[in-house]
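Please keep the sequence and the 3D view at hand while going through the points.

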Amino acid sequence: MRGGQGAAWAPVLQFTNCRILRGGALLREDLWVRGGRVLDPEKLFFEERRVADEQRDCGGCILAPGFIDVQINGGFGVDFSQATEDVGSGVALVARRILSHGVTSFCPTLVTSPPEVYHKVLPQIPVKSGGPHGAGVLGVHLEGPFISREKRGAHPEAHLRSFEANAFQDVLATYGSLDNVRIVTLAPELGRSHEVIRALTALGICVSLGHSVADLGTAEEAVQSGASFITHLFNAMLPFHHRDPGIVGLLTSDQLPPGRRIFYGLIADGTHTNPAALRIAHRAHPQGLVLVTDAVPALGLGNGRHTLGQQEVEVDGLTAYVAGCGVESALEAASLHPARLLGLEKHKGTLDFGADADFVVLDDCLRVRATYISGELVWQAEVAGQ
């Protein structure tokens, strides 16, 4: 009965000897958890006159909100864009395996595919809470097929689409039901795109700009229509130019609606984005940075040939690292910022009182030692010598 009437009678857990990421700083405080949520200890002491039922020594580790990956195409041999009879089992496998990476919530991502694939796959990926079975599913990220041919990247050209006369009806005909969809990436320069952006955002779906040759003016108009995210900044878009910075210019644009914040995904692997470019983006707009893996089905399998949607990709060496910002900023970019992007910051991406107790235990080298969802241990690293 997480957060319900039974929560007051649930056992109280106190995590001690730790540094908690809260308010952009690492604080030497204990973390208190009850009923799957972060608890305010003052209320426990002074109103209920209770103490912890169990204490857990964290050995000086960092406790950060669980990571949220809003762009992951699959992993461990599973391709979310493959229309199998049992898509759910593949999603469940990835959900379970990414717990070891500190991910507690994610958006399974489908690359450009024919309509029959969307119609078969999307109903099989419902929104689902996380737990011992795996990370929670926040909704699907549809990357394509309404993107630029010139900037399609690894997306198959044969399945790209543009918006027809009845733009939003064309979207529905392509995807089928949008019930399980959380993010749609599209190219804003496509005709009637602003009509589609307004219709999607009216349904509570986040619209992201990407795989695009849009200039800055077109990108600004898209944000004014409701777009709020940039898919893998710098990649698959026009390069920054001083006369027209393109989509990248949104990071410092003065033409955004009042109070509107733009977020941007970055793949911090040193290959998709040079560390110097990452530093430029972060210094220009630190609060908008959202770290994404953009992981392919080859995640966890090593080198070789693997599928990505309707085609094969060759993997030769996999590296990943964070460069360009401090530990606190990097951790927030993997947790708080994606939660804000999706409007979940009251419950996810934070360890403020009342939030879901989804968190990751990290050592000083930022290696994941344990992962918790709703205050329950769902993954733990093996201790050397055991």
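**Notes on the predicted model**

1. The annotated position. Leaving aside neighbours within four places in sequence, D294 is in contact with Q71, N73, E143, H232 and I267. The label "active site" at D294 comes from the UniProt annotation, in an unreviewed entry. D294 lies in the loop between strand 18 (289–291) and strand 19 (304–308). Is D294 buried or exposed? Its relative accessibility is 16%, and buried means under 20%, so D294 counts as buried.

2. A histidine in strand 13. H141 lies in strand 13, and its relative accessibility of 0% means that it counts as buried. Neighbours within four places in sequence apart, the contacts of H141 include V70, Q71, C107 and P108. T109, L110, I183, T185 and T231 are also in contact with H141.

3. A cis peptide bond. Which residues does a cis peptide bond join? The bond lies between G144 and P145, with omega at about 10°. P145 is placed in the loop between strand 13 (140–143) and helix 4 (167–175).

4. Six strands form an open sheet with mixed pairing, in the order 3-2-7-21-22-23. Its edge strands, strand 3 (25–27) and strand 23 (376–380), each pair on one side only. On average, neighbouring strands of this sheet are turned by 25° against each other, direction ignored.

5. Strand 2 (residues 19–22) pairs with strand 3 in the antiparallel sense over 3 bridges, and L21 stands opposite L26 in strand 3. Strand 7 (residues 62–65) and strand 21 run antiparallel and are joined by 4 bridges; here I62 stands opposite L362. Strand 21 is also joined to strand 22 (residues 368–373) by 4 bridges, again with an antiparallel course. Within that pairing, T371 in strand 22 is the bridge partner of V360.

6. Strand 21 and its hairpin. Which residues of strand 21 (residues 359–362) are buried on each side? F359 and V361 are buried on one side, and V360 and L362 on the other, so that both faces of the strand are covered. The hairpin of strand 21 and strand 22 has 5 residues between the strands, and in it L366 takes a positive phi near 65°.

7. Aromatic pairs at F359. The whole structure contains 9 aromatic pairs. One of them is formed by F15 and F359, which are edge-to-face, at 5.1 Å centre to centre and with 80° between the planes. This pair links distant parts of the chain, with F15 in strand 1 (residues 12–16) and F359 in strand 21, 344 residues apart. F15 is buried at a relative accessible area of 1%, and F359 is buried at 0%. The rings of F359 and Y372 have centres 4.6 Å apart and planes at 10°, so this pair is stacked. Because F359 lies in strand 21 and Y372 in strand 22, the pair ties together parts that are 13 residues apart in sequence. Both F359 and Y372 are buried.

8. Nonpolar cores. In soluble globular proteins, nonpolar side chains tend to be buried together. The largest nonpolar core here has 75 residues, of which F106, L186 and L250 touch the most other members. Beyond its neighbours within four places in sequence, L186 has contacts that include F146, I147, F163, V196 and I197. A second, separate core of 16 residues includes C58, L351, A370 and Y372. Elsewhere in the list of aromatic features, Y118, F146, F163 and Y175 form one cluster.

9. Positive phi values in loops. F76 has a positive phi near 60°, although it is a residue other than glycine. F76 is found in the loop between strand 9 (74–75) and strand 10 (78–79), and it is buried, with a relative accessible area of 11%. A236 likewise has a positive phi near 60°, and is found in the loop between strand 16 (229–230) and strand 17 (263–266).

Technical notes: Residues numbered from 1 in each chain as written. Predicted model: local features only at pLDDT ≥ 70, side-chain atom pairs only at ≥ 80, totals over all residues. Heavy atoms only, no water. Pairing = 2+ DSSP bridges. Helix = DSSP H or I, 4+ residues; strand = E, 2+ residues; numbered from the N terminus. Axes fitted to C-alpha atoms, helices over the stretch in contact; angles between N-to-C directions. Buried < 20%, exposed > 50% of the residue type's maximum accessible area, 1.4 Å probe, protein only. UniProt positions renumbered as here; feature names shortened; annotations may be inferred. Contact = heavy atoms within 4.5 Å. Core = buried A, V, L, I, M, F, W, Y, C linked by side-chain atoms within 4.5 Å. Phe/Tyr/Trp six-rings, centres within 6.5 Å; stacked < 30°, edge-to-face > 60°.
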